[in-house]
Amino acid sequence: MASQNNYDAIVIGGGHNGLVAAAYLARAGKKVLVLERRHLVGGSTVTEEIYPGFKYSVLSYVVSLLRPEIIRELDLAAHGLELLPLESTVTPLPNGDYLARWADHDQTRRELYRHSPKDAEAYDEFGTLMYHLAFAIKPILAMVPPDPTSLNPGDLRSLVKLGNHFRGLGEEKLYSLIKLMTMSSADYLDEWFETEALKATMSASGVIGTFLGPRSPGTAYVLLHHYMGEIDGAFRAWGFAKGGTGGVSEAIASAARRFGAEIRTESTVARVIVENGRAAGVVLENGDDIRASVVVSGVDPKRTFLDLIEPGELPGEFVHAIRRFRIRGSSGKVNLALDELPELACLPGRGPHLRGAISISPSIEYLERAYDDAKYGGFSRHPFMDIIIPSMIDPDMAPPGKHVMSIFVQYAPYELDGGWNDARREEFGDAVIDTLSEYMPNLKDIILHRQVLTPWDMEREFGLTEGNIFHGELSLHQLFFMRPAAPWSDYRTPVRDFYQCGSGTHPGGGISGASGRLAARTMLEDM
Amino acid sequence: MSQRYDAIIIGAGHNGLTTAARLAKTGMRVLALERRETIGGALVTEEIHPGFKVDAACHQAGALHPGVISDLEQALGVAPEIVRCDPAVFAPQIDGRHLLLWRDPAATAESIAALSRSDAENAKPFVELATKAAGLLEAAYDQTPPDLLSVGASDLWSLVRLGGRARRLGKRDMMEVGRLLTMTVTELLDEWFENDLLKGTLGATGISGMFQGPMAAGTAYMLLHNRVGMDSGALRSTYRVHGGIGVLSRALGDLAQSCGAEIRTSAPVVRVTIRNGRATGVVLENGDEITADRVISNADPRHTFLSLVDPVELTPRFVRQVRNIKYRGACAKVNLALDTLPSFTSGEAAHLGGVVSISPSLAYLERAYDDAKYGDISQEPYLEAVIPSISDPSLAPHGKHVMSILVQYAPYHLKRGAWDQSTKDQLAEHAIKTLAQYAPNLEQIILERQVLSPRDLETDFGLTEGNIYHGEMTLDQLFFMRPVPGWARYRTPIENLYLCGAGTHPGGGVTGRPGYNAAREILKDVKRR
Amino acid sequence: MLRTTPFHARTSALCQAQNWRRWAGYIAASSYELNHDREYHAIRSAAALIDVSPLYKYLLRGPDAQRLLNRVVTRDVEKCAVNQVMYTPWCDEAGKVIDDGTLSRLGEEMFRLTAAEPNLRWLQDNAVSLDVTIDDVSDSIAAVALQGPNSREILKRASDADLDGLRFFRLTSGRVQDVPVTISRTGYTGDLGYEVWVDAERALSLWDSLVSAGEPYGITPAGMLALDVARIEAGLLLNQVDYIPANKALIEARKSSPFELGLGWTVVLEKDHFVGQTALLEERKQDPEWQFKGLEIEWDSLEEIYNGFGLPPELPTVPWRTSVPVYSHDRQIGYGTSGAWSPTLKKYIALAHLQARHAEPGTELTMEVTAEHQRKHARARVVDPPFFDPERKRA
């Protein structure tokens, strides 16, 4: 049994947050080892050539909120990160029409005007308000959550600062923010707009990755995410990474290596070594044990605390809190290799819309019914889909003239009635293709290969508990100082020298890297 | 004829009467104007069939604010008798089993144990947590919501007191309670219990009157809201006013009058008169104009600001906020005159004294909501039925009974058709058919039925969109957001115009709390002058 | 795609410069010829035909139409007679300008309001419980401005309307050939001129009639650049250029009240309640912090600066619309928002926001000019706009 004892920090899981944490630790001069179970780094942020010549962004497919400070501080551009524009969203409608939002403001306004002059007008005002609210929220995403029940000066200072920050917003914005945090996206958007497809497509972004429908309270605040990118300005926090999302992981890994971090793939951690209440290293599945001063886990809270740590090492109350942490997976992914370009019935031809997102979200009711299916343990017969054709943005994703298509699908519950198996997976894939064919008549004829991922697959292949892409649902009581469980939201854990840095911590969700960065900061403070 | 008052109150509902009494008590000249022939608003007992009296709209008494009870006792010697039903709830299941929630926790645990042993054990700690949380809410309910932006010294003090109270809970409980506020009642109950019938029956209090299913965030809050001031040891409580809920309204009317307030019925107000941005009185439907130093509306905020006030007096932003208040009434009433007591396939007649709850599971409630979500009435609705004549024979002829059923969901906004007689019949049939699955003789013993759709609740009782709470009790419409953000302190953008109804903090229910709080704020302003 | 106006078939054929710009989501010709010079001179010396269809237009009808408008705009609509036109801004609740436009009273209970930005939602929000219908007629009504000293003669030839009797800021209806039109004596040039309103379907035939009637009088299609020079000379504000509408401003400092925009004359504080009244009453008690004024940049100073480089003064013959710092003794006290060389006045002029204590006419200030890559301060004098105000405009 080999024992190595020369690391300052071990990072469990080479997902993008683990890599970010590793890069920051290494940048501070620490000797860092990243252990990844799979043969490549990236976790859910990977590009793989599943079918020869065709590259799939297997799971996550757009760069949503990659923190500009990470791009800057790790100099990711120098490590090959290139973000390409993904600016339009087209929603095909059952009546043969469509609703589009383009990169160009005037063009969007004109298009909305076509559906409702009032909405075209409200859209600008809404955008201004969201801009302000995104601005208000930004510092929170970049802060380590304080413990509101604590009386220690640090937390209190942080709380007072937070209080003043919010009061500084002024009445209108403060109340708008509270409404946004508590309302359903459908209700919130009803206050502004009348065009069904507009409300549905906007609220679809509020339900991505959650087990909630657009009428469920708590879905409105994710509307902000779309505007977060805007205040990050030229950094283009919203886009498509050249080479697929794996390009992001590669760039971060390259930066981490440059700072001296060591990354080992095909190294599965079996458990964390805890000695005298302190983490002292990890044991690999092959029996190797590797020692380090601190250990940080980038995998989800359930796996981290219920699998990797001996149950006796954690307080019962904390284990209880982690057990009830909600992590229901709700989405699936279908990747297609296509012989030629698909055609939208509502917008035939090779238009600019094929370089943006195509959203199957014709109405709130459509989304809500898709959710209803899943609520009772079925997958949506007519699901919400967010589609991009990466090869239209980056031609290197497929052989010349051929294409890849990435289809994010919701809802597909982890707890499927009767359970998932290979046959149910293909049935789910068929429902997706059938629905999409209603809008893309030539689709079925041009499919060369299809990869279907259900929450069950995501758990088995990517280690996402219950297939939840955010490492835990983004519901109100699982956010900020309650993520993953109060008071352990500051990246520390009840075990000394053991930390968490995955999406299951604040702020969580999406390819942002914020959790990894904040965790590294906390660890460096303690070290 | 001198028609000048210190205060006019529009609407003699229970909150309006509470405010009227408290203002009149200080010597103010108060006039309460009621549109209907009887006072009480939605708290009325009516004869639906010769000899059969039923609480037409609201059929449960909540926990009246202790201050209102002591006012009643002081003025009238005795407050109306509140019957604490035992068992509070009888919930039958289609397989013949049933759940009984008694006032005595041990008896309740025994009933639960027949369904699930672990649930029986968890009931006690659950009640403890819920009671702590409700206690914290009650403290917040007694206060006027602070203005978040300009927290004055007195606000700060009350916030500190509230914070102190929260801290006394201890770190762990404080986190737990905080967590509850935004949860769904399904999440909450799933964490504690496994039995569907139990979860459905507890979860029902989280959706009652709401256009939400039990899977909506904020429904756990509603469960707590419904516990405020109620029996602290029980899983659920059912209170009723002996003689019908109208007795309570009459008592509150007597109280107001004994304090010197004047009450006029059949006196609908059509407009609040405003001069230079100040309310100066009201105009009645018959054209009479009555002036007063201040006008206090017990009507819901939308009716108040968009019908009684000329919106031109308000800023477009405020009007927009008022228009955005969600009402969306979700329930209807079916009131029955019965020839005999319905016989249920399980349980005993003695179990029927409280609420008969048709809530076999949370999924059942959610499915009922699914229909409504798309604008249809629930095929299999959630039902909350009471048979008050069991304990109060004065309500029906000897041996006969009245049954009052709250039917949910009945959306105000129907996707197809309108709330005409045939839709109402359909609703009643759904309700009766559903109930008849548990009480097979029901259909044969009905002598008369009265159906009140959300539309009827609006026309008959002035409840906008038939919402029984004067505005949805969702997280975004509570505390300092109720009725609209920035105007949660009973005052309005029109000087000398106040609100005192359930559309204000702390919202709906038979509590008198909004009226009580409003009176306190109004008196502060009176003193200041 | 961006929209084209109902006149596009004609304007696109005429546009030799292929020089287009955006206007409210439409494309509009910047200049038709390679240089806009002749188009400008047509405005001041003959007649120019300018497609102004992209304006937002709202038709308000009903017993409460006047009440709604009086609630929204700052001017007293009660004083607006049938067939009268009023220029007016409107404000948010804080008294900051949202937009400005012309208000035409087409009948006792019928008005048309033009706007630079969409305002349907705002109008509807203010119309709660009022008996008025509001129609967005932006797309269904086309508009063309005929501006310049010869415009009256041309319209007289082209239409049956009584133009001699049509006073400044009044309107009349009539026919051009067989096309029914509304003609208002209004415009954005500060010259004698008219705006002709027509159903979008009949737009082309109107254009053709005007062009053929105008030929002997030198009618010239003019684009946005020529119009911009003319409106700067006339001291007329441009939304999103000279001020930022309050509902789009990201920060408070970017908003302006009518008093700060030199539009105090449009604010009738004494009328019944209108949006922003309380704030404006409050503001009226003090002097506004900012003033919107004209600047005349001194030729001698320009010459000095450029001669320093061995150059003659280089002048902005194409109007600019950027933010240019204005100084008093080297301390910045304001900023110019548009400016141009005025061929008529032979002066370099600009419109500027100035701190009130530096805004007295005659005050000597300096404005930044970039000469040979270097930033210099040219001397400038504060004047009350308009710079150019010919008698024929009102005569």
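**Notebook: sheets, helices and contacts**

I began with strand 5 of chain C, which is joined to strand 6 (residues 97-107) of chain C by seven bridges, the two running antiparallel. I count strands as paired if DSSP finds at least two bridges between them. Helices (H or I, at least four residues) and strands (E, at least two) are DSSP runs, numbered from the N terminus. Within this pair I found Tyr87(C) opposite Thr102(C) in strand 6 of chain C.

Two notes on the source. Residues are numbered from 1 along each chain as its sequence is written, while chains are lettered from A and ligands numbered from 1 in the order in which they are written. This is a predicted model, where local features need pLDDT of at least 70, side-chain atom pairs count only at pLDDT 80 or more, and totals for chains, interfaces and linings use all residues.

**Five-stranded sheet, chain C**

I traced the sheet next. It is an open sheet of five strands in chain C, ordered 5-6-7-4-8, with antiparallel pairing. Its edges are strand 5 (85-91) and strand 8 (133-136) of chain C, each pairing on one side only. Neighbouring strands are turned by 25 degrees against each other on average, direction ignored. For such angles, axes are lines fitted to C-alpha atoms (for helices over the stretch in contact), and values run from 0 to 180 degrees between N-to-C directions.

I then looked at what lies across these strands. Helix 3 (residues 65-72) of chain C lies across strand 4 (56-61), strand 5, strand 6 and strand 7 (110-115) of chain C. Helix 3 runs at about 135 degrees to strand 4 of chain C. Contact here means that the C-beta atoms of two residues, placed from the backbone, lie within 7 Å.

**Six-stranded sheet, chain C**

I moved to another open sheet in chain C. Six strands form it in the order 10-11-12-9-3-13, and the pairing is mixed. Strand 10 (171-176) and strand 13 (219-221) of chain C are the edge strands, each pairing on one side only.

Strand 3 (residues 47-51) and strand 9 (residues 141-147) of chain C run antiparallel and are joined by four bridges. Ile50(C) stands opposite Ala145(C) in strand 9 of chain C.

I listed two helices against this sheet. Helix 2 (residues 37-45) of chain C lies across strand 3, strand 9 and strand 13 of chain C, at about 110 degrees to strand 3. Helix 5 (residues 151-158) of chain C packs on the sheet and touches strand 3, strand 9, strand 10, strand 11 (179-184), strand 12 (193-199) and strand 13 of chain C. The direction of helix 5 makes about 130 degrees with that of strand 9 of chain C.

**Helix 5 and helix 6, chain C**

I followed helix 5 to a helix partner. Helix 5 and helix 6 (residues 203-214) of chain C pack at about 115 degrees, their axes 9 Å apart. Helix 5 of chain C contributes Ile154(C), Arg157(C) and Ala158(C) to the contact; helix 6 of chain C contributes Ser209(C), Leu210(C), Ala213(C) and Gly214(C). By class, the contact has four nonpolar, two polar and one charged residues. Ala, Val, Leu, Ile, Met, Phe, Trp, Tyr, Cys and Pro count as nonpolar, Asp, Glu, Lys and Arg as charged, and the others, Gly among them, as polar.

**Domains of chain C**

I took the domain bounds from an automatic or database domain assignment. Chain C is divided into domain 1 (8-50 + 138-222) and domain 2 (289-391). Their C-alpha centres lie 31 Å apart. Four residues of domain 1 of chain C are in contact with six residues of domain 2 of chain C. The domain 1 side divides into one nonpolar, one polar and two charged residues.

I counted 18 helices and 18 strands in chain A. The C-alpha trace of chain A spans about 65 × 55 × 50 Å along its principal axes.

In their contact, 18 residues of domain 1 of chain A meet 15 residues of domain 2 of chain A.

Last, I checked chain B against chain A. The contact involves 27 residues of chain B and 27 residues of chain A. Helix 6 (171-181), helix 7 (185-192) and helix 13 (362-373) of chain B each supply at least two residues of the chain B side. That side divides into 13 nonpolar, five polar and nine charged residues.
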